[in-house]
Amino acid sequence: MKVPLTTIFSWFEKGDIPTEYQFRQTFSSFRHLDDEIEMDDVKGLNEAFQKTLSTIAFTDHLEDESAHNSVLAKLNASNLTDVNVDEWREKLKIKLTATIDGEGEPGNVFTKEQIGEIVNIFQAKDDEMLERIARINELLTSDDVNLDELQEIVDYIKENREQIELLKEAVINSSDDKISLVGSYSNWGPVTYQNQFNDLVYDKIKTIEDDTSSEKNKYEERIRGDSKIEHNLDTLSFVIDAYDTVTMFTIPLKVRRIDTNTIEVLFDSVPPNIIQLTIKKI
């Protein structure tokens with residue numbers, strides 16, 4: 001039986017000589033480290049256990065996929081509504097994030113591969129045009145009398161220049177970039193849609209008109225950024241017009257004259273699309 005602490009303290013006051021019995025009673029009043037503590041000896045332990053979940057109930061809760069379904073998102077986000085998704089995007093500052101096509105969902109940006117294909121089409125178009133311009137120039141420098149019919153076509157183009165300009169405007173403002181060509185024009189390069197065909201036809205007509213002009217006073221070229229332009233106007237006096245071939249807005253630029261047939265064109269920032277330059281001799 002344990003002895004109260006007040007009694008034990010009284011056995012060990014100054015001047016006392018504790019007996020063997022008192023020592024035994026003192027140490028018997030405390031638990032030894034080797035003695036195991038019974039649950040019933042811990043005050044309130046049983047009552048505390050009555051308030052806890054059983055192992056089975058706790059495991060069932062952990063495995064319940066619908067637990068807290070109304071307030072917590074599942075790992076696979078299957079319980080999120082469209083409103084929830086928009087709220088997450090707004091909170092994470094990714095509401096305007098760029099996406100690409102995938103799994104039936106349309107994206108809003110091109111992949112590197114798609115951009116590469118577009119650039120290749122433009123490059124092929126430019127290469128094809130340079131080749132055809134060279135062929136036309138070769139034909140126009142010939143004195144073959146059989147070219148009279150071609151000259152008649154050129155004369156007709158000159159007489160109907162206004163109608164040709166209107167045709168170009170109609171082509172630019174049309175939405176025929178999704179209209180596929182019925183015929184095949186493989187010898188003209190990778191031409192798939194009506195607007196590509198229209199651009200080629202217009203450029204070819206303009207090239208014929210410019211190359212057969214009796215007085216050379218204009219030079220045109222398409223560029224993608226800062227460029228060194230070599231023309232054949234033999235002058236330092238000219239006006240230059242630049243516009244975005246997609247948006248059709250005029251683009252500001254800086255021009256440095258290197259010599260009478262060479263200029264350097266500089267932009268304040270890299271243009272997003274191909275720029276059409278027209279240099280007119282004054």
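In the predicted model, Ile115 is placed in helix H6, which spans residues 112–140. Ile115 counts as partly exposed because its relative accessibility is 43%, a value that falls between the limits of 20% for buried and 50% for exposed residues. Ile115 also belongs to a nonpolar patch on the surface, together with Phe110, Ile118, Val119 and Phe122. The accessible area of these residues together is about 430 Å².

The largest nonpolar core consists of 11 residues. Its members are Ile223, Ile229, Leu233, Phe238, Ala242, Ile263, Val265, Phe267, Ile275, Leu277 and Ile279. At least two residues of this core come from each of strand S3 (238–244), strand S5 (262–266) and strand S6 (275–281). The most is given by S6, with 3 residues.

Strand S6 also contains Lys281. The C-alpha atoms of Lys281 and Leu233 are 6.6 Å apart in space, whereas the two residues are 48 residues apart in sequence. Leu233 is itself one of the core residues.

Positive phi values in residues other than glycine were found at Asp234 and Met248. For Asp234, phi is near 55°. This residue, Asp234, is situated in the loop between strand S2 (227–230) and S3. Asp234 is classed as exposed because its relative accessibility of 52% is over the 50% limit. For Met248, phi is about 70°. Met248 occupies the loop that connects S3 with strand S4 (254–259). The relative accessibility of Met248 is 30%, so this residue counts as partly exposed.

Methods. Residues numbered from 1 in each chain as written. Predicted model: local features only at pLDDT ≥ 70, side-chain atom pairs only at ≥ 80, totals over all residues. Heavy atoms only, no water. Core = buried A, V, L, I, M, F, W, Y, C linked by side-chain atoms within 4.5 Å. Buried < 20%, exposed > 50% of the residue type's maximum accessible area, 1.4 Å probe, protein only. Helix = DSSP H or I, 4+ residues; strand = E, 2+ residues; numbered from the N terminus. Patch = residues over 30% accessible without salt bridge, like charges linked within 9 Å, V, L, I, M, F, W, Y side chains within 5 Å. Areas by Shrake-Rupley, 256 points an atom, 1.4 Å probe, with all protein chains shown as cover. Salt bridge = Lys/Arg side-chain N within 4 Å of Asp/Glu carboxyl O.
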